[in-house]
Amino acid sequence: MAERRGAKEPATAARGGRERPIASALLVAYVALLVLGGWPAAARPTLFDRPHYWAQLVLWVAGIRPGIEVFSEPSASEYKFRAHCIHIEGRTSGTSPITLHPPGGRCHTDGFRARVPPMDVALYRVVRRSWELRRGALGVRDPATSDRDLERIGRAFCERPELVSEPDARVMLVWYAYVESYVTGAQLRGGFVYYGWSCAAGSVIAKHWRPDAEPLERFDEAIIRFWGSAPWA
Amino acid sequence: VGVIERVERWFFDPQPLLPLVLARIIFGLTLFLAYLMRWPDVQMLYGPRGLPGPALIQDLDPLPTPFQPIIALVNGSGAHLPPSAIWIAYAALLVAALCFALGWRTRAAGVATLLLHLVFVRVRNPLADWGWAEMIQPFLAYVIAAPSGRHLSIDARLAGRPRGDPAAWTAPAWPLRLLQIHVCVMYGVSSWGRIDDPGWLQGQAVFVAVVNVLFSKWVTNWHPAQPALAAMTYATIVIECTAPLALWVPRLRTWWAYALITLHLGLEALTHVGWWNFVMIGGLLSFLPPPHLAHLLARADAGRPRLPSPADRGARRDRRA
């Protein structure tokens with residue numbers, strides 16, 4: 001046994017001797033991709049722009065992110081977001097509106113919160129992305145995908161037990177936000193997206209986006225007139 | 001030849017294993033808890049009739065990737081995918097992540113955890129999480145590649161492996177090196193990516209984070225604290241921007257690693273950024289000296305309640321008799 005093990009050792013060593021340079025080369029290549037792909041524009045000579053692009057592409061295809069930006073939203077304007085509230089309710093002809101989200105119908109705007117429910121994050125990301133695609137904030141205006149994002153929410157909430165058997169169920173969504181002045185602390189509330197989806201027809205019944213230039217309060221007033229009431233108030 | 005040899009030695013000479021063993025526990029528990037907490041919303045977040053829908057991935061990830069065949073396989077049936085399949089995958093992920101953290105069939109559990117996490121994050125719903133869910137993927141892969149189940153694990157117990165001095169545990173360096181490099185690249189991206197953001201330069205970024213309910217644990221009147229929050233913003237810029245270099249300078253490494261860990265603990269106390277801070281702390285352990293980690297481990301061990309040994313049980317029986 002000892003002899004056989006002894007006989008194997010030189011072969012293993014030789015293989016290790018051949019493998020190490022190859023493995024090292026692969027590791028160096030991977031590290032080079034990571035460093036090139038993660039090299040931010042602010043610290044990158046323009047000479048490396050193209051290698052950076054290709055490295056990012058290769059890593060992206062492999063599903064690897066060199067890094068991500070945290071708290072990267074532009075934050076220099078006077079007004080800062082204080083709360084994003086996504087209020088979703090179901091409506092049928094025979095019953096009063098049913099709040100589907102947030103649970104309990106209350107948007108958290110103050111105090112301590114131990115954790116953010118994953119549904120809050122997911123809904124915010126979907127609605128926010130829809131908004132950004134509509135405005136072209138992601139570099140491209142894509143109203144079709146923007147509409148599909150909201151449609152996803154409409155369809156998903158139509159499957160809730162409270163609505164699934166109702167023939168004329170509708171899902172209404174409003175995204176409104178509180179903002180706070182960095183200078184004075186004054187708070188404003190304003191709506192960004194108002195959306196209605198018919199479960200039976202599988203179609204949009206209302207869709208309003210706050211125009212960029214519209215002051216927050218004025219848009220709310222217009223929508224309250226349109227909606228007939230303010231379900232989130 | 002000298003350079004090549006040095007590179008080989010840098011990647012393959014034995015290096016401390018303890019940081020990766022601890023990272024295994026942190027990453028495994030992070031994924032276990034992150035998924036456990038979303039059980040009421042599993043179908044809404046990932047189910048066939050939930051938010052993802054059949055076309056979400058196509059909208060988000062229009063170019064072909066190696067995941068596309070998997071995506072087509074899992075999502076191809078669209079709304080006809082049974083909800084029970086999501087529940088089975090979800091339960092399997094919880095079990096695998098817990099096994100990985102505890103070190104039972106460590107490598108297999110790690111691979112299963114990573115693959116199932118990829119299914120949920122990349123195949124079912126990339127919008128269900130913040131960026132931590134993406135960053136943990138390569139970090140997890142490095143820890144799986146290392147023999148991180150060799151110690152502090154059920155596997156080690158079953159194999160009757162003596163514990164010895166944790167600071168002396170070693171393994172080939174390359175998984176540790178990749179984790180270290182990726183942590184530095186991560187700080188490079190996150191810090192230098194926002195260096196020209198006026199909000200950061202004006203010292204308002206931490207205020208923006210703590211005043212927003214979506215990110216803040218304590219939403220209150222933060223205006224009187226603006227100077228302190230501005231100081232925290234500038235400290236964050238300095239520590240994070242210099243981290244990719246300072247973490248490689250032997251005299252600075254430990255200090256910078258502790259400063260970054262403190263920064264993440266502070267962020268964790270004040271804000272919600274998913275499980276981001278735990279992922280980064282797990283990565284930063286790779287820069288701490290093994291004796292420091294062994295000391296922390298010994299202290300944690302001293303405070304841990306112990307199961308009575310057979311000898312203790314015998315002695316207790318004798319006393320009773």
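Conventions. I worked on a predicted model, where local features need pLDDT of at least 70 and side-chain atom pairs count only at pLDDT 80 or more, while totals for chains, interfaces and linings use all residues. Residues are numbered from 1 along each chain as its sequence is written, chains are lettered from A and ligands numbered from 1 in the order in which they are written, and side-chain values use heavy atoms, with hydrogens and water left out.

Entry 1, disulfide count. I searched for disulfides (a pair of cysteine sulfur atoms within 2.5 Å). Over all chains the structure holds two. I numbered the bonded cysteines of chain A in sequence order and got the pairing 1-2, 3-4.

The angle about the S-S bond is -75°, and the link is left-handed. The pair joins distant parts of the chain, 22 residues apart: A:Cys85 sits in strand β1 (residues 79-91) of chain A, and A:Cys107 in the loop between β2 (98-101) and β3 (111-112). Strands (E, at least two residues) and helices (H or I, at least four) are DSSP runs, numbered from the N terminus. I noted both A:Cys85 and A:Cys107 as buried. Buried means under 20% relative accessible area, exposed over 50%, and partly exposed in between (1.4 Å probe, protein chains only).

I read -85° about the S-S bond, a left-handed link. The two cysteines are 41 residues apart and link distant parts of the chain, with A:Cys158 in helix α4 (residues 143-158) of chain A and A:Cys199 in the loop between β5 (187-198) and β6 (203-209). A:Cys158 has a relative accessible area of 10%, so I logged A:Cys158 as buried. A:Cys199 counts as partly exposed because its relative accessibility is 22%.

I looked up B:Cys99, which is buried because its relative accessible area is 17%. B:Cys241 is in no disulfide, and the nearest cysteine sulfur, that of B:Cys184, is 13 Å away. At 13% relative accessibility, B:Cys241 therefore counts as buried.

I located B:Gln204 in the loop between α11 (198-201) and α12 (205-211) of chain B. Is B:Gln204 buried or exposed? Its relative accessibility is 8%, so B:Gln204 counts as buried. Its side chain makes a polar contact of 2.4 Å with the side chain of A:Lys80. A polar contact is a pair of N or O atoms within 3.5 Å; within protein, one must be able to donate a hydrogen and the other to accept it, and residues adjacent in sequence count only if both atoms are side-chain atoms.
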